[in-house]
Amino acid sequence: MKIFVNNNIYLRNYKKTDFTSIYKYSKKKEFVKFMEYKPFTKKTCKEWIKKKLNQKNIDFYSIIFNSNVVGTYLITFEGAKKHMCDLSYGLDPNFQKKGIFSKITKKIISKYKLKRFQIITSIRHKNNIKSVKKLKFKSEGILRNYYFDLKTKKFFDGIIFSKCR
């Protein structure tokens, strides 16, 4: 399935040929700076993708920008009658701050007729928090010690946002 955002951006189901592009950016330190992960090895990248693809409640998309795979966008359906979802995403650092995340998220919200969308992110990821707030997601609070950072071996806080209909 493809979800067209505009002439330059669309989502499509993950293909095995996307692996090289995803691995290339997921091994960058700046990509995982605000995540609990260490930069991915080929093995950990393959394992992460396989784990997500095997979860029946996840729609796993590759983000295509100007014909290149520049990220992933996952929609995890939750709740009674799957009426809500968690949105998670990762963009190649070379393609961040170009409005790609915002445009895709607006499209997802208009396409999926759910009652609730939520995003959980690191409390330290100021740019992401700013983008989520611009999309009119409301902060629901701090998730204390939500993440365990494999790089520093320390817990850190997350923040949860939601947008409800």
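Which residue in β6 is the bridge partner of Asp86? In this predicted model, that partner is Gln118. The pair belongs to an open sheet of eight strands with mixed pairing, on which helix α1 packs and across two strands of which, β3 and β4, helix α2 lies.

**The sheet**

- The eight strands follow the order β1-β2-β3-β4-β5-β6-β8-β7, and the sheet is open.
- Strands β1 (2–4) and β7 (138–149) stand at the edges; each has a single partner strand, so one side of each is left without a neighbour in the sheet.
- From one strand to the next, the twist averages 25 degrees.
- Strand β5 (residues 84–91) pairs with strand β6 (residues 116–122) in the parallel sense, over three bridges.

**Helices on the sheet**

- Helix α1 (residues 19–26) touches β3 (58–65), β4 (68–78) and β5, and its direction makes about 90 degrees with that of β4.
- Helix α2 (residues 42–53) runs at about 125 degrees to β3.

**The contact of α1 with α2**

- The axes of the two helices come within 10 Å and cross at roughly 120 degrees; α1 and α2 are therefore oblique to each other.
- The crossing of α1 and α2 is right-handed.
- On the α1 side the contact involves Phe19, Ile22, Tyr23 and Ser26, which meet Lys42, Cys45, Lys46 and Ile49 of α2.
- Classified by type, these residues comprise five nonpolar, one polar and two charged.

**Thr76 in strand β4**

- Thr76 lies in β4 and counts as buried, because its relative accessibility is 13%, under the 20% cut-off.
- Beyond its neighbours within four places in sequence, Thr76 is in contact with Asn57, Ile58, Met84, Cys85 and Asp86.
- Asp86, one of these contacts, is also the residue whose bridge partner in β6 is Gln118.

- Phe137 lies in the loop between α4 (126–134) and β7.
- With a relative accessible area of 3%, Phe137 is buried.
- Not counting residues up to four places away in sequence, Phe137 touches Leu87, Thr105, Ile109, Phe117, Gln118, Ile119, Val132, Phe161, Ser162 and Lys163.
- Gln118, among the residues touched by Phe137, is the bridge partner of Asp86.
- Phe137 and Ile160 are 23 residues apart along the chain, and their C-alpha atoms are separated by 9.4 Å.

Notes:
Residues numbered from 1 in each chain as written. Predicted model: local features only at pLDDT ≥ 70, side-chain atom pairs only at ≥ 80, totals over all residues. Heavy atoms only, no water. Pairing = 2+ DSSP bridges. Helix = DSSP H or I, 4+ residues; strand = E, 2+ residues; numbered from the N terminus. Axes fitted to C-alpha atoms, helices over the stretch in contact; angles between N-to-C directions. Contact = heavy atoms within 4.5 Å. Parallel < 35°, antiparallel > 145°, perpendicular 65-115°, else oblique. Left-handed = near helix turned anticlockwise from the far one by under 90°. Nonpolar A, V, L, I, M, F, W, Y, C, P; charged D, E, K, R; others polar. Buried < 20%, exposed > 50% of the residue type's maximum accessible area, 1.4 Å probe, protein only.
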